[in-house]
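Here are a few notes to read alongside the structure. They start with how the chains meet and then turn to the space inside.

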Amino acid sequence: MTMAIYFLHVQNATEKIEDLEGEECDTLDLAIDAAVDSARELLIDRLRSKKPADGEGSRIEVADSAGHVLAVIEMKDVLKGKF
Amino acid sequence: LKRFGAIPEHDLLSSTPLHRATVRNRTGGYGMLNHILCALSDGDRGALLAGAEVVELRAREEIEKPREEVNYAYFIEAGVAAVLLASGEERIALGLIGNEGSSGIAVFLGNTQSPYLTLMLTEGRAHRVRADRVTTAMDERPELRRLLLRYCLAFYNQAAHTAMSNAASTVEQRVARWVLMMGDRLPLKPATMTHDLIAYMLDTRRAGVTEALGALQSQGLIQVGRKAVTILDRTRIEEIAGHFYGLPEKEFVRLIGTYWPPITKTS
């Protein structure tokens, strides 16, 4: 089984930051897990930095190499412990 | 986790031909770009380098392995190494060594083992000196001994600031510090560094690095390419890194006495 490359694009309060490198994961579920863990770290860092943590639209998009968005992790859902 | 395993091949860096050409042009082949070697008297340098070899180093080459005999000190002429502490599956970076410094701190401090892994992040070049030659030269040459011990203190300062930065800084501050530290040791522009490698070294996830680099870029401070970062406004990056960057570098200058790196902030 070949690993696919998934891209985790970060949308924060002001802009969308494209993931130009991507990361290899065995499955989409593992890519989603990585996105959720990333969202947790971003939330911690934003709170520590006194920046908006889970503002409207703040999320991580999991996309494939063709640019299709396969999953969206909303920061507010992570904050509420939905994952 | 991937970031705690082996660094993937694609994250490791290659020096450009220009890098090698620069080394040759400045030194006429095997001259001195290393700050420690430059700071030594001719006699001390000759004693230290008696029997030394100039070696090319590959990216991801482990020049010191944890709990294994340290047979050589590598006085780096080009390229960057990271000193890592590996514990279980986790690895954390203590600091970087470029042409300002050397591996072999355990030897300088009178031992031949350490718990640390010293890994080349880029390809490079170094004067490789046998550990017993280092020890003998230090025993015979008090000024050499004092300088190498002062370098140990300089590296200790760097590691202490890494610990402080990991504990207290934001990811943006940590990334700013890392960009400066890599830039200090890879002076050609752009300095090649992937987000994944930065994340690995900073013990954070790549998304945080991506966001921090994006923020620095949107402020016009860096230009981010797919595997390269170009510093556009060093002064403002230093401001963002704050007190997490600068003191070890200034202390290095005080301790070793050479001009490095190009710090712009005055406080």
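1. Chain B and chain A bury about 1,800 Å² between them, and 45% of that area is on carbon and sulfur atoms. Keep in mind as you look around that this is a predicted model. If you want to know where chain B's share comes from, look at R205(B), R206(B) and E211(B): this trio supplies 36% of the area that chain B buries against chain A, more than any other three residues.

2. Counting by contact, you'll find 23 residues of chain B against 23 residues of chain A. There are also 12 residue pairs in polar contact between chain B and chain A, with both partners at pLDDT 80 or more. On chain B, helices α6, α7, α8 and α9 (206-218) each put at least two residues into the side that touches chain A. The largest share of that side comes from α9(B), with eight residues.

3. What is the side of chain B that touches chain A made of, by class? It has 10 polar and eight charged residues, plus five nonpolar ones.

4. Now for the charges. The structure holds 21 salt bridges over all chains, and five salt bridges are found across the interface of chain B and chain A. One to zoom in on joins R46(A) and E211(B), with the closest N and O atoms 2.5 Å apart. This pair crosses between chains, running from helix α1 (residues 28-48) of chain A, where R46(A) sits, to helix α9 of chain B, which holds E211(B). E211(B) is also one of the three residues in point 1 that supply 36% of chain B's buried area. Another salt bridge links E172(B) to K51(A), and here the closest N and O atoms are 3.8 Å apart.

5. Next, the space inside. How many cavities of 30 Å³ or more does a search of the whole structure find? The search turns up four. The largest cavity has about 110 Å³ of space. Its lining is made of 13 residues, and the closest to the centre are T162(B), R177(B), W178(B), M201(B) and L202(B).

6. Which elements build that lining? In chain B, β5 (90-97), α6 (142-168), α7 (171-185) and α8 (195-202) each supply at least two residues of it. By class, the lining of the largest cavity has seven nonpolar, four polar and two charged residues. Notice that α6, α7 and α8 of chain B turn up in the cavity lining and also on the side that touches chain A.

Notes. Residues numbered from 1 in each chain as written. Chains lettered and ligands numbered in written order. Predicted model: local features only at pLDDT ≥ 70, side-chain atom pairs only at ≥ 80, totals over all residues. Heavy atoms only, no water. 1 Å grid on protein atoms, 1.4 Å probe; cavity = no way out; pocket = protein on both sides within 12 Å on 5 of 7 lines; lining within 4 Å. Points joined across faces, edges and corners; volume = space filled by probe spheres on them. Helix = DSSP H or I, 4+ residues; strand = E, 2+ residues; numbered from the N terminus. Nonpolar A, V, L, I, M, F, W, Y, C, P; charged D, E, K, R; others polar. Contact = heavy atoms within 4.5 Å. Buried area = accessible area lost by both parts, 1.4 Å probe. Salt bridge = Lys/Arg side-chain N within 4 Å of Asp/Glu carboxyl O. Polar contact = N/O pair within 3.5 Å; in protein donor to acceptor, adjacent residues only side chain to side chain.
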